[in-house]
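Please look over the model below before reading my notes.

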Amino acid sequence: MSKATLATIWLDGCSGCHMSLLDMDERLIELSPQFELVYSPLVDAKVLPRNVDVALVEGSVSSDEDEHKIRLIRSRARILVSLGDCAVTGNVPAMRNSFPVDALLHRVYIENATLQQQVPTERLPVLLKRVRPVHEVVTVDVFVPGCPPSADTIYSVLKELLAGRVPDIAALSRFGI
Amino acid sequence: MGKTITIDPITRIEGHAKITLQLDDQGEVSEAYFHTTQLRGFEKFVEGRPYYEMPYLMERICGICPVSHLLASAKACDALLAMKVPPAAGKLRRILELAQLIQSHALSFFYLSSPDFLMGMDADPKERNIFGVVAKHPELGHGGIRLRQFGQQVIETLAGKRVHPGWVVPGGVNEPLSVEKRDKLLADIPEVIEIAQKALTWFKRELESFREEIRTFANFPSLFMGLVTVDERAGFYEGKIRFTDSLGNIVADKLEAAQYQEYLGEAVEPFTFMKFPYYKPLGYPDGIYRVGPLARLNLVDNCGTPLAQQEWVEFRSLERNAVLSSFHYHYARLIEILFAIEHIQEYLLDPIITKKQARYTASLNNLEGVGCCEAPRGTLIHHYRVDEQGLITWANLIIATGHNNLAMNRGILQAARHFVRSDKLTEGMLNRVEAVIRAFDPCLSCSTHADGHMPLHLRLVSPDGKLLDELRRTP
Ligand code: SF4
């Protein structure tokens, strides 16, 4: 059997879902013969390859870069997993939706700065007016709620997906926690 | 006009960022920029929310060091209530902070950076990761996984959950530690001490082969800043702010974190969402300083726990005064892991630790509060203002990684000038520039965001438009 290709992607999240993935500890190594991690903050690939079997996506869509990235991922991944509440609902990042982007930028770079107050824009992404969950932008195949989903949940999800089955999430995790 | 090289995204760091190297007409690197590309806006969107929500909301700034945000936030709330916490709670919070230090440093050292040491800076990028490390150097690889697991298990045992635990509340913690749990934690200590010591022994031997990196990875004089306790140890949960210089002299001491605005300024540059804190008396950018493991070991005259103390003495003998190479952040991180394990043991053995009284209550007494602690990456400050109802009206956060922003930018320029030969680019050259950033272990989810649809694709074009060299990093 050829190895499944796995990608893990980080949009607007806190990395906690990735930490929960690492919290599988030795189980990550135990599963590793079954997959090749082709793109992830943990490895050195700079480009998302064309054919990814499973893509785990942490975080919500909050900038033009995120939007571009998630569309690219969708076009290259067979199974796209929304991992964690930020990806599934918008969660914490979406809390900024009740404020205009300008107010955010003003607070951080004008009001709470002492020198050279200005809004940074050079070679930087543009924040979207509204932060959105992943499925508002592209089709999502599997939703795994939790903030973050526990390591046990992620382990079960991965194991099932690598075995070619769709995991029963309701039995594994719930929102928040 | 010269050309630019973009390294995007920087990999094996905690977050997403990119580097631009600007070349002059001679093809020499003239400028280097470290771009962090996210803004999340916590400082604004917490407005209108009750203060007691802050610890749980603020820890979601970062999944790598949630405990530091949890504690800085809870301490800011303690200040709003004008209260102290029970003695047991103070120690329990300290253990939590040190446990996180262990897991976070283990992540940085073993999962993210050790591939560079064990597989080599020029190794095949496909192998240069934790899986490669475990396959080729099982003892160190598994040891690293175990150390991180230990830190997370301590957090889980105390606080119920590994990432984003509750438990810490304004006024203390909401459940005392049972004797059974304490004993379970104590039982693991000898094993992890041994792992940490072995890693140190191995790494010290390796240092020889990284002379060039040690010399050029952000190796320059700067100030160092961090918390120091009343008994002159590096403070993680408590202490006052000290600045020292590269000669080891104390520049400023016993500064109250709550008065940070008097001595810290924050400048903005157009190319990054991360601000640039600086030491006000020296101005910008001369007020450059470093924080985190290297700074903490440079700030004090003793380490405080027996095994770590021996290592500290050896570390400080690397240079006559302060240790200046940022490559040694890695070394300092291993010493701090050892220190944290020993220190956790000390706290667990203190009979106070299982006392039942773990929380006091009070109502709002102040309309402004500052909370500060040392996150794994350096000093973290949360500053809130609330109205009479306890709803947040304003917040400012100074994030550990931010303090190192000036040093990281200067550091990649130094390394790029040394390693990048623009007439013949290699992947290893660029990996070294990235490795400078890894040494600082920036936690970019704290201040940044995902970026990276532009692959690493370098094209070097001569002034007449001829393609001189090209390099792609593909999976
Ligand atoms: S779901 Fe929770 S843990 Fe995951 S990225 Fe969002 S805030 Fe972090």
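1. **H11 and H12 of chain B.** B:Pro306, B:Leu307, B:Ala308, B:Glu311, B:Trp312, B:Glu314 and B:Phe315 of H11(B) touch B:Tyr331, B:Ala332, B:Ile335, B:Leu338, B:Phe339 and B:Glu342 of H12(B). Contact here means heavy atoms within 4.5 Å. By class, these residues are 10 nonpolar, no polar and three charged. Ala, Val, Leu, Ile, Met, Phe, Trp, Tyr, Cys and Pro count as nonpolar; Asp, Glu, Lys and Arg count as charged; the others, Gly among them, count as polar.

2. **Basis.** The model is predicted: local features need pLDDT of at least 70, side-chain atom pairs need pLDDT 80 or more, and totals for chains, interfaces and linings use all residues. Residues are numbered from 1 along each chain as its sequence is written, chains are lettered from A and ligands numbered from 1 in the order written, and side-chain values use heavy atoms, without hydrogens and water. Helices (H or I, at least four residues) and strands (E, at least two) are DSSP runs, numbered from the N terminus.

3. **Geometry of that pair.** H11 (residues 306-316) and H12 (residues 329-349) of chain B pack at about 160°, with axes 8 Å apart. H11(B) is therefore roughly antiparallel to H12(B). Axes are lines fitted to C-alpha atoms, for helices over the stretch in contact, and angles run from 0 to 180 degrees between N-to-C directions. Angles under 35 degrees count as roughly parallel, over 145 as roughly antiparallel, 65 to 115 as roughly perpendicular and the rest as oblique. The crossing of H11(B) and H12(B) is left-handed; that is, the near helix is turned anticlockwise from the far one by less than a right angle.

4. **H7 on H12.** H7 (residues 179-206) of chain B also packs with H12(B), at about 160° and with axes 9 Å apart. That makes H7(B) roughly antiparallel to H12(B). Their crossing is left-handed. The contact of H7(B) with H12(B) holds 18 nonpolar, three polar and three charged residues. Among them are B:Leu185, B:Ile189 and B:Phe203 from H7(B), with B:Leu334, B:Ile341 and B:Leu348 from H12(B).

5. **H4 and H15.** The axes of H4 (residues 87-118) and H15 (residues 427-440) of chain B come within 10 Å and cross at roughly 155°. H4(B) is therefore roughly antiparallel to H15(B). B:Ser108, B:Leu112, B:Ser113 and B:Asp116 of H4(B) meet B:Asn431, B:Ala435 and B:Arg438 of H15(B). These residues divide into two nonpolar, three polar and two charged.

6. **Chain interface.** How much area is buried between chain B and chain A? About 6,200 Å², with 60% from carbon and sulfur atoms. Buried area is the accessible area (1.4 Å probe) that two parts lose on being put together, summed over both. Chain B gives 79 residues to the contact and chain A gives 62.

7. **Salt bridges.** The test is a side-chain nitrogen of Lys or Arg within 4 Å of a carboxyl oxygen of Asp or Glu. B:Arg148 pairs with A:Asp23, closest N and O atoms 2.8 Å apart. B:Arg148 lies in helix H6 of chain B and A:Asp23 in the loop between H1 and H2 of chain A, so the pair joins two chains. B:Arg148 also bridges to A:Asp25, at 4.0 Å.

8. **Backbone checks.** The A:Cys147 to A:Pro148 peptide bond is cis, with omega near -10°. B:Tyr284 and B:Pro285 are also joined by a cis peptide bond, with omega about 0°. B:Ala82 has a positive phi, near 55°.
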